[in-house]
Amino acid sequence: MASSARLTHVLEWKKFKHQKHQNDNSSFLDKFDLASFYDFFLPCTKNLDLSKHTPKQFPTQSDLGLLNDPITTPQLLKATKNLKKDKSSSTDLISNEMLLHLKPLCIKAVVKMFNHSLTSGLYPWHTSVITPIYKSGNPFSPDNYRAIAVGSCMGKLFSSILLDRLISFKNLYCPDPKEQLGFSKGAQTNDHVFTLKTLVDKYTRKLKVNSSNECIHNIILKSID
């Protein structure tokens with residue numbers, strides 16, 4: 001509890017604001033800000049178990065085959081099944097519908113082209129069609145337009161195969177911890193909001209706390225104590 005009280009004392013937002021008003025001419029955080037934030041977050045890392053975030057085993061040169069092996073026809077067909085219809089095409093005019101209905105001879109040609117790009121390091125699908133979408137305000141100002149870029153469907157198909165390899169490689173050697181929800185397939189950061197809401201409801205009923213803000217404050221202090 002002593003550390004909780006000290007942390008509560010360190011994080012004084014009124015002093016932060018007061019100091020910032022005195023340093024309006026500076027574009028950087030002052031020493032008071034940096035030192036206080038450092039002292040506040042330092043105890044959070046003392047008991048951090050880093051073993052969860054280290055690789056289970058370090059990959060060897062032979063293990064890199066998962067990333068560098070030639071692309072096969074089954075891998076291409078698996079990737080094409082995930083393509084969405086009714087999407088715009090780029091300057092090559094190749095749509096997802098065309099890729100979904102490739103003949104066997106065309107499939108072999110695409111596999112050969114992808115493997116050449118993989119081994120040579122050349123990516124020929126750099127060109128995108130950019131369409132400015134008007135938002136609001138002065139129509140003659142470029143700042144009031146949102147640029148929508150449409151890339152090559154063929155390039156996206158190739159990139160999806162590489163992404164699938166990278167994800168499989170990462171899950172094998174350094175999987176995400178259970179607490180990681182952002183950028184994880186089948187998870188979303190809103191799950192943490194649901195968890196926090198469940199904790200608030202639980203402790204509000206258990207401790208008979210009148211204010212939910214007070215309950216959230218207590219939970220946060222407990223988590224970093």
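**Helix packing and loop residues in a predicted model**

Modeller: Helix α7 and helix α8 (residues 153-173) pack with their axes 11 Å apart, at an angle of about 65°. Axes are lines fitted to C-alpha atoms, for helices over the stretch in contact, and angles run from 0 to 180 degrees between N-to-C directions. Helices (H or I, at least four residues) and strands (E, at least two) are DSSP runs, numbered from the N terminus. This is a predicted model, in which local features need pLDDT of at least 70 and side-chain atom pairs count only at pLDDT 80 or more, while totals for chains, interfaces and linings use all residues. Residues are numbered from 1 along each chain as its sequence is written, and side-chain values use heavy atoms, with hydrogens and water left out.

Colleague: Is the crossing of α7 and α8 left-handed or right-handed?

Modeller: A crossing is left-handed if the near helix is turned anticlockwise from the far one by less than a right angle, and right-handed if clockwise. The crossing of α7 and α8 is right-handed.

Colleague: Is α5 roughly parallel or roughly perpendicular to α7?

Modeller: The axes of α5 and helix α7 (residues 104-120) lie 10 Å apart, and the angle is about 100°. Angles under 35 degrees count as roughly parallel, over 145 as roughly antiparallel, 65 to 115 as roughly perpendicular and the rest as oblique. The angle of about 100° therefore makes α5 and α7 roughly perpendicular.

Colleague: How many charged residues are in the contact of α5 with α7?

Modeller: Thr 73, Leu 76 and Leu 77 of α5 meet Ile 107, Val 110, Val 111 and Phe 114 of α7. These residues divide into six nonpolar and one polar, and the charged number none.

Colleague: How many disulfides does the structure hold?

Modeller: A disulfide is a pair of cysteine sulfur atoms within 2.5 Å. Cys 106 has a relative accessible area of 37% and is partly exposed, whereas Cys 153, at 2%, is buried. Here buried means under 20% relative accessible area, exposed over 50%, partly exposed in between (1.4 Å probe, protein chains only). The number of disulfides in the structure is zero.

Colleague: Is Lys 81 buried or exposed?

Modeller: Lys 81 is in the loop between α5 (73-80) and α6 (96-100). Its C-alpha atom is 9.5 Å from that of Leu 99, 18 residues apart along the chain. Lys 81 has 69% relative accessibility, so it counts as exposed.

Colleague: Where is Asp 86, with its positive phi, placed?

Modeller: Asp 86 has a phi near 60°, positive in a residue other than glycine. At 74% relative accessibility Asp 86 counts as exposed. Its place is the loop between α5 and α6.

Colleague: What is the phi of Leu 93?

Modeller: Leu 93 also lies in the loop between α5 and α6. Leu 93 counts as exposed because its relative accessibility is 63%. Leu 93 is not a glycine, yet its phi is positive, about 60°.

Key
Contact = heavy atoms within 4.5 Å. Nonpolar A, V, L, I, M, F, W, Y, C, P; charged D, E, K, R; others polar.
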